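Here is a short briefing on one chain, written for work at the level of atoms and residues. Please have the viewer open as you read.

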Amino acid sequence: MHLGVDFLKVVILAGGLGTRLSEETDIRPKPMVEIGGKPILWHIMKYYSSYGFNDFIICLGYKGYVIKEYFANYFLHQSDITIDLSKNNLEIHNSKSEPWKVSLINTGLNTMTGGRIKRIEPYIDDERFMLTYGDGLSNVDLNKLNEFHQKKNKFATLTAVQPPSRFGALDIDDEDNILEFKEKPKWDRENKSWINGGFFVLESDVFDYIKGDMSYWEREPLENLANDNQLASYKHNGFWKPMDMLRDKKELEEIWLSGNPPWKNWKD
C-alpha cells in the first residue's frame, strides 16, 4: 500500500448518460458497469485508496440512485449472508469493507461536467482536491502527480496521455505548462499528441472558472486556465484506458481476467 502525500478529497464525476455504452447504461449509470464483477467506479476508488486517498465525493446524475443503493448496501454486496426468514434476521459472514468515506451528491440529471464540479464546491472548504472521471482506469502514480502539482504551483494539473487520436489535444511547452486546450481537433494520425487523461489535482481557485450547470469542464474552464497559465500537465506514459464503448468494456474485462491488470496495485 502507498501512503498519500496528504489526505486530499477525491471527486469523481459519475453523472453522465453514457449514451455510447447504451447496451449497459440503459439499466445503470456508466460508473456501475462491471469489470470482473465489480463496478468500474469500485476499481477507481480502490486505486485511489491504495495511495491512502479514502475521502470520496461522487457527483451523481443519471440513475444516481443505483450508486446510492450500492454503497448503502455495501456489506451485502461484498459479504456472504444468511437470512433467517422465520426470525426476520440477517447475519453477515466474512464482512469486508474499505476505509472509505463516501459523499454521494446529486448534481443534477442534465448538468454538464463543469457544473457538477461547481455544485460540490461547498464540500471542498477551500482545499486542494483530486478529480477524475468515473469511467477510466490508469496506473498513474498519484503521489508523484500530487508532488508535481505542488511544485508547479498552479491552480490545476491534469494527467496528459497519448492514446489513439480520437480525443482532444493539448499544446504543452518545455516547462510542462499547457499553452492551449483543444477539444477533439482534426489532426494527422501519426502525430502523437498529448490529450486530457483526467486524474486532476486542483486548487479551490478553479471554481471561479466555472460559470454554472451548463459549463463543460473540458471547454471554457480548462481553456481559460490554460490562457491564464494556470494549467499544468503531468505526462503519463503508462497504462490509461477509458471505457467509452462496449469494446472498451470488453478490453478492460480481458485485461482484468489476464490476472495482471496494470491498475490493480492492492491486495485482495
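The overall picture comes before the local features.

This is a predicted model, in which local features need pLDDT of at least 70, side-chain atom pairs count only at pLDDT 80 or more, and totals for chains, interfaces and linings use all residues. Residues are numbered from 1 along each chain as its sequence is written, and side-chain values use heavy atoms, with hydrogens and water left out. The chain has eight helices and 16 strands; helices (H or I, at least four residues) and strands (E, at least two) are DSSP runs, numbered from the N terminus.

**Confidence**

- The mean pLDDT of the chain is 87, on the predictor's per-residue confidence scale from 0 to 100.
- A pLDDT of 70 or more is reached by 88% of the residues.
- Residues 1–5 stay under 50, and the model has 17 contacts for them beyond four places in sequence; contact means heavy atoms within 4.5 Å.
- Residues 186–190 are also below 50 in pLDDT, with eight contacts beyond near neighbours in sequence.
- Where pLDDT is low, the predicted coordinates should not be read in detail.

**Chain totals**

- Of the 268 residues, 53% count as buried (buried is under 20% relative accessible area, exposed over 50%, partly exposed in between; 1.4 Å probe, protein chains only).
- The accessible surface is about 13300 Å², and 46% of this belongs to carbon and sulfur atoms. Areas come from the Shrake-Rupley method with a 1.4 Å probe; for residues, only the protein chains shown count as cover.
- Among contacts between residues at least 6 apart in sequence, 74% join residues at least 24 apart.

**Aromatic pairs**

- The whole structure holds 15 aromatic pairs. Rings of Phe, Tyr and Trp (its six-membered ring) pair if their centres lie within 6.5 Å; planes under 30 degrees apart are stacked, over 60 edge-to-face and the rest tilted.
- Tyr48 and Phe199 are stacked, because their centres are 6.1 Å apart and their planes are at 15°.
- This pair links distant parts of the chain: Tyr48 is in helix α2 (residues 40–50), Phe199 in the loop between β13 (195–196) and β14 (200–202), 151 residues apart.
- Tyr48 is buried at 1% relative accessible area, and Phe199 is buried at 3%.
- Phe200 and Trp217 pair edge-to-face, with 5.7 Å between centres and 70° between planes.
- Phe200 lies in β14 and Trp217 in the loop between β14 and α7 (220–227), so the pair ties together parts 17 residues apart in sequence.
- Phe200 is buried at 0%, and Trp217 is buried at 0%.
- Ring pairs also link Phe56, Tyr70, Phe71, Tyr74 and Trp100 into a cluster.

**Cysteine 59**

- Cys59 sits in strand β4 (residues 55–60) and is buried, with 0% relative accessibility.
- The C-alpha atoms of Cys59 and Ile105 are 5.2 Å apart, across 46 residues of chain.
- Beyond four places in sequence, the contacts of Cys59 include Val11, Leu13, Gly15, Thr107, Arg116 and Ile120.

**Nonpolar surface patch**

- Phe75, Leu76, Ile81, Ile83, Leu85, Leu90 and Ile92 form a nonpolar surface patch, with about 650 Å² of accessible area together.
- Patch residues have over 30% relative accessible area and no salt bridge; like charges are joined within 9 Å, nonpolar side chains (Val, Leu, Ile, Met, Phe, Trp, Tyr) within 5 Å. A salt bridge is a side-chain nitrogen of Lys or Arg within 4 Å of a carboxyl oxygen of Asp or Glu.
- α4 (74–78), β5 (80–84) and β6 (89–93) each supply at least two patch residues.
- Ile83 lies in β5 and is exposed, at 52% relative accessible area.
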